[in-house]
Amino acid sequence: MNIPFDQFLIQTINGIVTGMILAMVASGLTLIFGIMDVVNFAHGELFMLGAYVGVLTLAATGNFWIALIAATLAIAVLGAVIYLTTLRPLIGRDPLTTILATFGVSLVLQNYALWQFGPVARKIEEPITGHFSLFYLEYPYYRLAIAVLAVAIIGGLWLFLKHGTYGIWIRATTQDRVMAQAMGIPVPWVLTAVFAIGAGMAAASGVLFGPLVGVNSQMGTSWVLRAFIVVVVGGMGSISGSIAAAIFISLLEAYASLWVSPAQAVIVSFVVLILTLLFRPTGLFVPTPK
Amino acid sequence: MSRRRFFVYWVGFAVIVALLAVAPLVLPEFWRRFLTEILIWGLLAMSSDILIGYTGMVSFGHSAFFGLGMYGAAAALLGSSPPNLWLALLYGLASAAAVAAFVAYFSTRLRDIYFAITTLIFSQIFYVVIFTSTAWTGGENGLNFSRPRFAIPYLFSLRFTPAVLHWFVLAIVALSYLLLRRITHSPFGMVLQSIRENEARTRAIGYAVERYKIVAVMLSGVFAGLAGVLYALQNQFAAPDFVFFVVSGEVVIYNVVGGIGTLVGPVVGAAFFLLLREAFSRFFTEFYLIPLGVIFIAIVIFMPRGLLGFARRWLNG
């Protein structure tokens with residue numbers, strides 16, 4: 001089958017744009033997992049609630065950027081509250097119990113959103129409305145802006161982890177929790193903050209993604225599943241691996257949807273996952289463990 | 001097992017089965033149906049206990065086995081005329097077993113959280129496949145079919161009245177319980193429990209841990225498929241919703257609420273959860289999952305051994 005070059009190029013751009021959103025969701029998930037051994041099942045719900053807070057703030061203030069910041073902060077606080085109430089009591093138990101607890105949280109949050117906002121999808125207006133022509137398509141600038149913003153946010157996170165004092169605290173806690181505590185790092189607060197940062201990133205990606213599709217209470221589910229795939233394919237706990245895997249999988253899905261329907265294109269990412277588990281269960285984009 | 005304990009255990013078992021058997025004669029229609037459903041979900045949860053409670057692997061993908069059992073039964077009931085019960089059982093179990101073998105082959109390479117996530121993603125694969133292949137599965141609408149007769153050739157042929165169906169389900173669930181209990185007491189079951197306690201040491205002793213795990217997943221999957229067949233018989237339809245991972249999550253909830261590693265615990269958990277759901281759905285309508293989720297989180301935090309956790313040793317004695 002012949003696929004014209006222009007379609008191929010459009011799908012490449014689409015793949016990179018969704019890949020960057022996915023990378024934001026997945027890097028929050030992998031940050032939380034890598035640092036505190038918590039598999040956050042409620043991550044998709046934080047993404048969804050972030051989008052809803054965005055909808056509400058946008059309706060109140062009319063400014064998308066304020067909505068983005070407000071949603072990030074609000075969901076970061078919510079994340080901290082969730083961590084303190086449901087996850088902190090589980091420290092020291094089997095990490096699997098965190099899956100159960102966060103699964104309970106996701107049930108509560110998802111149904112809360114359904115109850116509060118109803119089943120009809122809400123719309124977030126695009127903050128940047130311009131288009132440029134790409135072959136026969138009018139391609140919106142906003143999509144490119146998403147990719148740029150996502151790069152900026154993830155880059156900011158990376159710089160923070162690499163050079164910021166608190167970032168160094170976080171990395172120290174990852175390496176050796178007891179030693180970090182002995183050096184005077186307030187480990188319980190570091191863990192709370194990490195969960196809040198992950199939650200905030202999920203919320204920010206929810207707001208950014210909102211204008212592309214409607215906002216509804218189910219939207220988190222499919223994202224958290226894809227983020228799980230990305231996290232496993234990228235190597236659990238590795239942020240750079242997750243980013244690479246997010247773009248890789250989104251590109252593959254975008255190309256696959258040239259031939260099959262988008263619903264079936266998801267199967268491509270499943271296949272990538274299975275192959276990864278078969279041949280390289282530690283993750284595709286991390287150095288071989290010694 | 002001491003003689004007295006042996007006696008108490010079996011009398012208790014007989015009394016409970018007898019009570020469940022009499023129930024459809026005295027209960028009104030709604031509650032009879034409800035009881036049958038509890039037994040079916042209980043069987044599904046019990047099958048998953050083999051993995052969670054006895055082998056120490058949390059499966060978040062039991063909806064795939066359950067759903068495949070359901071669709072297998074649907075294929076048999078739609079494909080043969082008149083619909084044949086035994087063919088439905090055969091097809092359902094065979095398709096669940098095939099899927100379980102596939103899932104087990106890949107997922108048992110991973111441990112702990114990774115196993116949980118992989119099984120979850122596998123169940124999503126089957127969800128997407130079933131959802132999108134509209135021609136065979138009816139896609140979103142699912143499949144409708146009629147109930148077969150309960151017949152053994154040359155012996156008898158009964159119509160599946162609600163009471164007969166209840167007794168049929170009860171018999172299968174009770175037999176499955178006895179069988180699974182026997183399996184957990186067998187040398188094979190002991191190896192599974194030693195994998196749960198210390199996998200590295202089990203391997204060092206010389207057991208082929210991977211093979212045991214694959215068989216455990218398949219065993220669990222076959223019983224989950226059996227629950228799927230029963231559910232298809234009860235409701236006369238198969239829908240992709242039952243393959244969705246939320247069902248797997250509920251199965252894990254039943255296990256944790258009832259008490260893992262007890263086999264009966266998951267059934268109790270299913271009963272507890274479904275009853276609460278029924279009660280809450282009268283006050284909160286469709287938002288019953290909000291209070292249920294809160295209760296579940298509280299049980300995970302404060303009662304990690306579940307409702308029957310106190311009797312775990314006794315039940316396994």
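The legends below describe several close-up views of a predicted model.

In this predicted model, local features need pLDDT of at least 70 and side-chain atom pairs count only at pLDDT 80 or more, whereas totals for chains, interfaces and linings use all residues. Residues are numbered from 1 along each chain as its sequence is written, and chains are lettered from A and ligands numbered from 1 in the order in which they are written.

**View 1. Chain A as a whole, with 11 helices and 2 strands.** Helices (H or I, at least four residues) and strands (E, at least two) are DSSP runs, numbered from the N terminus, and along the sequence of chain A they follow the pattern α-α-α-α-β-β-α-α-α-α-α-α-α. The radius of gyration, taken over C-alpha atoms, is 19 Å for chain A, close to the 19 Å that the globule rule gives for 290 residues, so the chain is as compact as a globular protein of that length; the rule itself is 2.2 Å times the number of residues to the power 0.38.

**View 2. Confidence along chain A.** The pLDDT, which is the predictor's confidence in each residue, from 0 to 100, averages 83 over chain A, and 98% of the residues score at least 70.

**View 3. Ala203(A) in the largest nonpolar core.** A nonpolar core is a set of buried Ala, Val, Leu, Ile, Met, Phe, Trp, Tyr and Cys residues joined through C-beta atoms within 7 Å, and a residue is buried if 20 or more other C-beta atoms lie within 10 Å of its own, exposed if 12 or fewer, and partly exposed in between, with C-beta atoms placed from the backbone. Of the 195 residues in the largest core, Ile75(A), Val194(A) and Ala203(A) touch the most other members, and α8(A) gives the most to this core, with 16 residues.

**View 4. The loop at Met183(A).** Met183(A) is found between α7 (177–182) and α8 (187–209) of chain A, and with 11 C-beta neighbours inside 10 Å this residue counts as exposed.

**View 5. Helix α5(B) where chain B touches chain A.** In total, 28 residues of chain B are in contact (C-beta atoms, placed from the backbone, within 7 Å) with 33 residues of chain A. α5(B) gives the most to this side of chain B, with 11 residues, and 16 of the 21 residues of α5(B) are buried.

Technical notes:
Contact = placed C-beta atoms within 7 Å.
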